[in-house]
Amino acid sequence: MERNESLKGRKRREVQGSSWHMGYMATWTAAGERESYANEKKRRRLCFCKRQNRTFTVVMLFGLLVLLTHFYLMLPPPGEDRFQLVLQPALDASVLNRTKEEFQMFKQNQSLPTFGITGGRYDKRTGKKSDCNTRLVKFCKGMCSKHGSSPPEELKSPGLLQLRTNLSEDSQCFLWYTNAIWTRPTAGRAGLMLYRLGAGVDNKAYFAQAVSEYAEKYGCKYFQFTPPTLDLGEQAGCFAFFYNNARYAKTPQALWFLKKSKGSTGRHVRLITREEVEQIASKQQDMCPRSGGLASLEVPGMWTIRGHKFDHRIYVLVPSMEPWTIFFRSGHLRFSVFNHTNATRPRAKRLAFLNDSDNAAAETDPYLATHVTNPRFGLAHTNNSQQVLHPVKTLREALEEELGKARGQRAWRKLSVSVRNAALSAMFSVRYRSWGQNSAWGYLFMAMDVAYDRHGNAYVLDLNSGPSFYHGSEWPDWYVQDRSAMIREAADIIQELAFRKLVSQQEASFNPLNLTAMPLKTAKTWEMLFAEGG
């Protein structure tokens, strides 16, 4: 017995606190000790459960806080209706249910849905009202809507916009500048936001690089649809400009345009000849790089009309990024009011630094106004806007005047093909840029400024992802009417193609996006240049 008690104590000491303590060796413990151990075991289990409960509670509270924060960020700012959220994604059931009947009608007989712009909504991914579209505020009588949520009331009436020839200039202004729209064919404010894209594509350094990469990728001749352009912020381009200028500029008086990468309106432009560049470079050895801008050569053998420089502002509409679809409109001509042939100026004494601030009075300089065709330069020297803007038919009339009717008509046909090819090449150069997460339901409304050489070849001088509506001047009636028709029809085209995209996602056996077999019914004066998939 003594031996057993001694063994019991020894075993208890050996296994106390070990994993065995709960198993085999427990049979050696006296009755009182077993009861004490059972109580201790119960107490520890309860403590462990309490710790688990506390951890679970903390995790749940944290998760709830994150969820509430996420929901709050999705709400519009104070003063807006906090229950008006954009429904995403594109195939949300509410979108499909509200357009189901129109889907079926379109499938049966290709009848168009009810058109019309509607009010919209905000969400955290598309901005707040404090992030106003500044051009809407500045030019469109205070309409403050970064994403197209507050169109004028007259725009909300149902029907095709191209039929509404009396649409006010305020409503046209909204369509021209808004960053997004909601439409009846895509379920209005309960449906899709159609995003206007393109910010940054008109950065001049970006466009020059995109064109260069496009030419290299497809084996095209460099500067085939743009004039020779060198990025001064890049070492090789800068060196070529200062120390190998004659490779591009064939005569000492060949003129270069120094431009800021993000410049607009022409006030940032500085002019310098090849001869002046070479003289400056001979005195300063360390000239490169020059960040912030680029040099673009005046189109070699540039065509002028009756001695006046002009550019051709064309418009490009991409109503769908996916699939990629391109429409073209011929726009108008922008003339200098000064004779280009005999233009002279004092020799430049130094390089115009690209970091200099824009010259607010640049347009008053007659020499600069001879070469820069932005309308603000022309209107600084005349009150007659018909001297500044001309209809496109002026091109054909000038060709027939110079070459005779038969040759002029042939030259016109060549020029018409060339400008369309240049527009396509420019758009394909920037096609694969990162357009952002909204590209599936995005669109582009852009302008390009084009010059021609004497052989009728077109050269794209600039892209403009947000072309000006031209405010603050009295314009010819033909221009005002053409601008109105253009933007109204563009809005209808965007609506129809967005509707067709919704139909195509629901009807596998029916392809309404083959625009060759089934052209858009709303496209009357906009000309389709390319449609991916047909």
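How many helices and strands are there in the protein chain? The protein chain holds 13 helices and 13 strands, where helices (H or I, at least four residues) and strands (E, at least two) are DSSP runs numbered from the N terminus. The model is a predicted one, so local features need pLDDT of at least 70 and side-chain atom pairs count only at pLDDT 80 or more, while totals for chains, interfaces and linings use all residues. Residues are numbered from 1 along each chain as its sequence is written, and side-chain values use heavy atoms, with hydrogens and water left out.

Of the 534 residues of the protein chain, 49% count as buried; buried means under 20% relative accessible area, exposed over 50%, and partly exposed in between (1.4 Å probe, protein chains only). The accessible surface of the chain comes to about 27,000 Å², and 52% of that surface belongs to carbon and sulfur atoms. Accessible areas come from the Shrake-Rupley method with a 1.4 Å probe, and for residues only the protein chains shown count as cover. Among contacts (heavy atoms within 4.5 Å) between residues at least 6 apart in sequence, 72% join residues at least 24 apart.

At the start of α7, a side-chain oxygen of E234 comes to within 3.2 Å of the backbone nitrogen of A236.

R270 is buried, with a relative accessible area of 17%. A polar atom of the R270 side chain lies 3.3 Å from the backbone oxygen of H268. This pair can be read against the definition of a polar contact: N or O atoms within 3.5 Å, where within protein one must be able to donate a hydrogen and the other to accept it, and residues adjacent in sequence count only if both atoms are side-chain atoms. R270 and F257 are 13 residues apart along the chain, and their C-alpha atoms are separated by 5.9 Å. N203, in the loop between β3 (194-196) and α6 (204-218), is likewise buried, with a relative accessible area of 17%. Leaving aside neighbours within four places in sequence, N203 is in contact with S261 and K262.

Attention now turns to W526, found in the loop between α13 (477-506) and β13 (527-531). W526 is buried, with a relative accessible area of 3%. When residues up to four places away in sequence are not counted, W526 touches Y315, V316, L317, F327, F328, R329, F445, M486, E489, A490 and I493. One of these, F328, is 198 residues away along the chain, yet the two C-alpha atoms are separated by 5.6 Å. The side chain of W526 also reaches the backbone oxygen of M486, at 3.1 Å.

Helix α13 itself contains S484, which counts as buried at 5% relative accessibility. The side chain of S484 makes a polar contact with the side chain of R488 (2.9 Å). S484 and R164 are 320 residues apart along the chain, with their C-alpha atoms separated by 9.5 Å. In the loop between α10 (375-379) and β10 (389-391) lies S385, a buried residue with a relative accessible area of 7%. Its side chain reaches the backbone oxygen of E474 at 2.8 Å. Beyond its neighbours within four places in sequence, S385 is in contact with L379, E474, W475 and P476.

A search of the whole structure finds four cavities of 30 Å³ or more. On a 1 Å grid over the protein atoms alone, a cavity is a set of points where a 1.4 Å probe fits but cannot get out, and lining residues have an atom within 4 Å of a point. Grid points are joined across faces, edges and corners, and a volume is the space filled by probe spheres set on the points. The largest cavity has a volume of about 80 Å³, and its lining consists of L175, I181, R196, Y443, F445, I487, A490, A491 and I494. The elements giving two or more residues to this lining are β11 (442-452) and α13, with α13 giving the most, four residues. By class, the lining divides into eight nonpolar residues, no polar and one charged; here Ala, Val, Leu, Ile, Met, Phe, Trp, Tyr, Cys and Pro count as nonpolar, Asp, Glu, Lys and Arg as charged, and the others, Gly among them, as polar.

Definitions and conventions
On a 1 Å grid over the protein atoms alone, a cavity is a set of points where a 1.4 Å probe fits but cannot get out, and a pocket is an open set with protein on both sides within 12 Å along at least five of seven lines; lining residues have an atom within 4 Å of a point.
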